[in-house]
Amino acid sequence: MNTHEYQAKEILISYKIPIPRFGIASSIEGVEAVLRDLSLEEAVIKIQVHAGGRGKAGGVKIAHGRQEILKTTRKLIGMKMVNNQTGSQGVIAHQVLISEVVAIKKEYYLSVVIDREKKQVVLIASAEGGVEIEEIALKNPEKVLTIPIGLSGVLRPFQKIQLIKFMQWKAEMAKQGAQIAQSLVQAFMDTDASLLEINPLVADQNHQLWALDAKLVVDDNALFRQQKIADFYDPSQAIPNEVKAKEHDLAYIALEGNIGCMVNGAGLAMATMDIIQYYGGKPANFLDVGGGASKEKVAEGFKIILSDPNVKAILVNIFGGIMNCATLAEGIIAAVKEIKIHVPLVVRMEGTNVEEGRRLLEHAHLAIITVDGLANAAKKVVETLKGKE
């Protein structure tokens, strides 16, 4: 789950990582309250959206004086940001973060992530902050330091020395930098994060380090034990269909194709999308209804798929392990009758009680195409679209 910058900063503050004073506002009245509370005469104003590249998109401004701050925030609240991260639909900023200005002498980069290839947590550091770390790693890999972190979540003394030397921190800054790094690692571990980033981490004119920006991404599967972070969820930053799917406990991700997919199990869903692509089609979504989907869940899944105007055909691919194929067939039949599906529907099912499931579909007298085998199903659903594009 993604969080807003101000939410990530709230987490960092709880770990005593230095953050410039800030406030959040969603209206001009809120902005005025922040200015009064913080006694600000100049401010950094940032739109709060779940996407990077805000500065390049015009979503980060520095304003001097009360009137300029108010004028700037009027433009930023409600701003629609569109870039390669948001997609063509963009995201709207309903809130702005208003922060005091820090006189920056030097920018650094610091983050903790899961290295999927090495199967471990790593601390990533660079003395080149304020830009994308991928760009630095590609052009100047020698400027990026990667430190493996053990399961204890503790930076060992030699690792702190390695970090301090690499970042060229001296005296009190070295002590503070090492402490920030350790706190960042601990926060990462405690929040079940997959990414916790400070970019930039800056040194001011007095050699004091500050986290000017922060990003926190938390593993969805851990939210049951991260209630505070679960409460950070902002549906306004998600695609409407994904919000609706979340309400019905369905795993849904919108894509850009025209073949809707309904599958049980994430691995099978990935394989289904791959084989659709292999046979020349383009999946419109990832939708995992889970192992024990009810009739109601299946119906909601169809509604969500069909609410995408790009969907021109649907492939249902189910392996009945926990799920009974007859129950699934009943759910599909009920959904087709209720929703009046107007696009070709191809169903492939295997597993528990599959013969009864197929019998129910074949005798339902509905426009449902039943197919044996995943490859045949993918071919069939792609064929239904020929001449319709």
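Contact here means heavy atoms within 4.5 Å. This is a predicted model, in which local features need pLDDT of at least 70, side-chain atom pairs count only at pLDDT 80 or more, and totals for chains, interfaces and linings use all residues. Residues are numbered from 1 along each chain as its sequence is written, and side-chain values use heavy atoms, with hydrogens and water left out.

View 1. Lys-46 lies in strand 2; helices (H or I, at least four residues) and strands (E, at least two) are DSSP runs, numbered from the N terminus. Apart from residues up to four places away in sequence, Lys-46 touches Glu-5, Lys-9, Arg-54, Gly-59, Val-60, Gln-95, Val-96, Leu-97, Leu-212 and Asp-213. Lys-46 counts as buried because its relative accessibility is 9%; buried means under 20% relative accessible area, exposed over 50%, and partly exposed in between (1.4 Å probe, protein chains only). An unreviewed UniProt entry places the feature "binding site" at Lys-46, Gly-53, Arg-54, Gly-55, Val-102 and Glu-107. UniProt positions are given in the numbering used here, feature names are shortened, and annotations may be inferred rather than shown by experiment.

View 2. Strand 2 and strand 3 are antiparallel and joined by five bridges, and Ile-45 stands opposite Lys-61 in strand 3.

**View 3. Strand 6 and its two partners.** Strand 1 (residues 22-25) pairs with strand 6 in the antiparallel sense over four bridges, with Gly-23 opposite Ile-98. Strand 2 (residues 42-47) also runs antiparallel to strand 6 and is joined to strand 6 by four bridges; here Val-44 stands opposite Ser-99. In a regular strand the side chains alternate between the two faces of the sheet. In strand 6 (residues 96-99), Val-96 and Ile-98 on one side and Leu-97 and Ser-99 on the other are all buried, and both faces are covered.

**View 4. Helix 2 against helix 3.** Helix 2 (residues 28-38) and helix 3 (residues 66-76) pack at about 145°, with their axes 10 Å apart. Ile-28, Val-31, Glu-32 and Leu-35 in helix 2 meet Arg-66, Ile-69, Leu-70, Thr-73 and Arg-74 in helix 3. The residues of this contact divide into five nonpolar, one polar and three charged; Ala, Val, Leu, Ile, Met, Phe, Trp, Tyr, Cys and Pro count as nonpolar, Asp, Glu, Lys and Arg as charged, and the others, Gly among them, as polar.

**View 5. Pro-148 in strand 9.** Pro-148 is found in strand 9 (residues 144-149). Pro-148 counts as partly exposed because its relative accessibility is 41%. Leaving aside neighbours within four places in sequence, Pro-148 is in contact with Gln-120, Val-121, Val-122 and Gln-159.

Key: Pairing = 2+ DSSP bridges. Axes fitted to C-alpha atoms, helices over the stretch in contact; angles between N-to-C directions.
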